[in-house]
Amino acid sequence: MIAVRSLARYRLIVVPLLAGGVLHCTTGDLDSLGSGVTDEGGTDAAMSAGDSDASDASVHGGSDATSGGNDAATSPADGGTGTNTDGGAGDAGPSSPDDAPPTFLDAGVMDWCSEHLGLGYTFCADFDETPLPAGFTASDGAFLSQTSSSASSGPNDLLLYVPTQSSSAVFGSKLSRAFDMPTSSVVLAFDIDPEDLNDTAAGLLFAGLDFLGNANAKYSVRLAWNSGAPRLEESFLGTPSDIPHQNFTIPLQTWSHVEVDITLPQTDGGTTTPTFSILVNGIVQGTSETLSPPAGFDQRPTLLVGAVYGTGPTSGWTLRYDNVTLGLH
């Protein structure tokens, strides 16, 4: 595991790298995640502009996991605008009347990311300076907004508010950013406040990393929430089946700091065992576990935050994010 424990509570600044991308889900019904059942077959209900394999038959035959279709480009990489006005499953977009609108810092005022310079991170987004995509390359879907109601560090947070979805259609609303830097170690960290979790058997992928540069060796590492229990999963966006890992705990209705430390194969040809560990508020959850990336996968990641993929019907989700950082080494 990479030696980054001293970074557990700190994060850095945006380094202006590259284009956006997105994560995927090969699971048509995420209630299987709670019992450790993985999806079989299918190719992938793609959530990404960087991947055209949007044909997983287990996802109701839909061609776009944002809500069964009609995605107007998730990132500029596919020639689109990087926006999507699709509210998902035909329902209205988020409505959160109790949340105050964002208050952006004036130019020259020190924000959270600027205060944490020099700590070795590649990317930082604290949502305090600019409207969405707020340092990411693309923002799609209608379920994300910035508010100044309950930030981990003021003035703003990123609110994911998914209202009740009565149909079984899939949905998504996320921020994405791709990086051209091949990496052998990744530290993904963010603050999260799970205010209201879906109380049905449906599930949600709420953050992740895509490695899609090699079409013959696609790989995805993502955090999935199902029936109140988050966990890390590996996906090959087709076959073999997804690999679920042990559940961990994120406290509800309060801010917590989540850190995912990932070691990948050495980019210089050296030998190492791919592993990951998860920390919540600086405490390691469970034990370090082995990862199984495919041989020859492209080690340039795409970062994804928000409702990367969700399934209905659902009673809704309310998650707040702040101070998202990514360290690549």
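This report covers a sheet, a disulfide and salt bridges in a predicted model.

## The seven-stranded sheet

Seven strands make up an open sheet with antiparallel pairing, in the order β2-β5-β15-β7-β8-β9-β10. The edges are held by β2 (138-140) and β10 (243-247); each has a single partner strand, so one side of each lacks a neighbour in the sheet. On average, neighbouring strands of this sheet are turned by 15° against each other, direction ignored.

## Strand β15 and its partners

In the strand order, β15 stands between β5 and β7.

Strand β5 (residues 170-178) runs antiparallel to β15 and is joined to it by eight bridges. Within this pairing, Ser173 is placed opposite Ala307 of β15. The pairing of β7 with β15 is also antiparallel and has six bridges. Here Leu209 has Leu303 of β15 as its bridge partner.

## Strands β7 and β8

Strand β7 (residues 203-211) pairs with strand β8 (residues 219-226) through eight bridges, in the antiparallel sense. Gly208 lies opposite Arg222, a residue of β8.

## The disulfide

The model has one disulfide. It is formed by Cys113 and Cys124, whose sulfur atoms are 1.9 Å apart. The pair links distant parts of the chain, with Cys113 in helix α1 (residues 112-115) and Cys124 in strand β1 (residues 123-125), 11 residues apart.

The torsion about the S-S bond of Cys113 and Cys124 is about -80°, and the disulfide is therefore left-handed. Cys113 and Cys124 are both buried.

The structure contains nine salt bridges. One of them joins the side chains of Asp140 and Lys174, at 2.6 Å from N to O. It links distant parts of the chain: Asp140 belongs to strand β2 and Lys174 to strand β5, and the two are 34 residues apart. Strands β2 and β5 stand side by side in the order of the sheet.

Asp140 has 0% relative accessibility and so counts as buried. Lys174 counts as buried as well, because its relative accessibility is 0%.

Another salt bridge is made by the side chains of Glu195 and Arg320, with an N to O distance of 2.5 Å. This pair also links distant parts of the chain, 125 residues apart: Glu195 is in strand β6 (residues 185-196), and Arg320 is in strand β16 (residues 317-328).

Glu195 is partly exposed, at 27% relative accessibility, whereas Arg320 is buried, at 4%. Both residues take part in a network of salt bridges that also includes Asp99 and Asp157.

## Asp298 and Arg300

Asp298 and Arg300 form a further salt bridge, in which the closest N and O atoms are 2.6 Å apart. Arg300 has a relative accessible area of 35% and is partly exposed. Asp298, at 15% relative accessibility, falls under the 20% limit and therefore counts as buried.

Terms used: Residues numbered from 1 in each chain as written. Predicted model: local features only at pLDDT ≥ 70, side-chain atom pairs only at ≥ 80, totals over all residues. Heavy atoms only, no water. Pairing = 2+ DSSP bridges. Helix = DSSP H or I, 4+ residues; strand = E, 2+ residues; numbered from the N terminus. Axes fitted to C-alpha atoms, helices over the stretch in contact; angles between N-to-C directions. Disulfide = S-S within 2.5 Å. Buried < 20%, exposed > 50% of the residue type's maximum accessible area, 1.4 Å probe, protein only. Salt bridge = Lys/Arg side-chain N within 4 Å of Asp/Glu carboxyl O.
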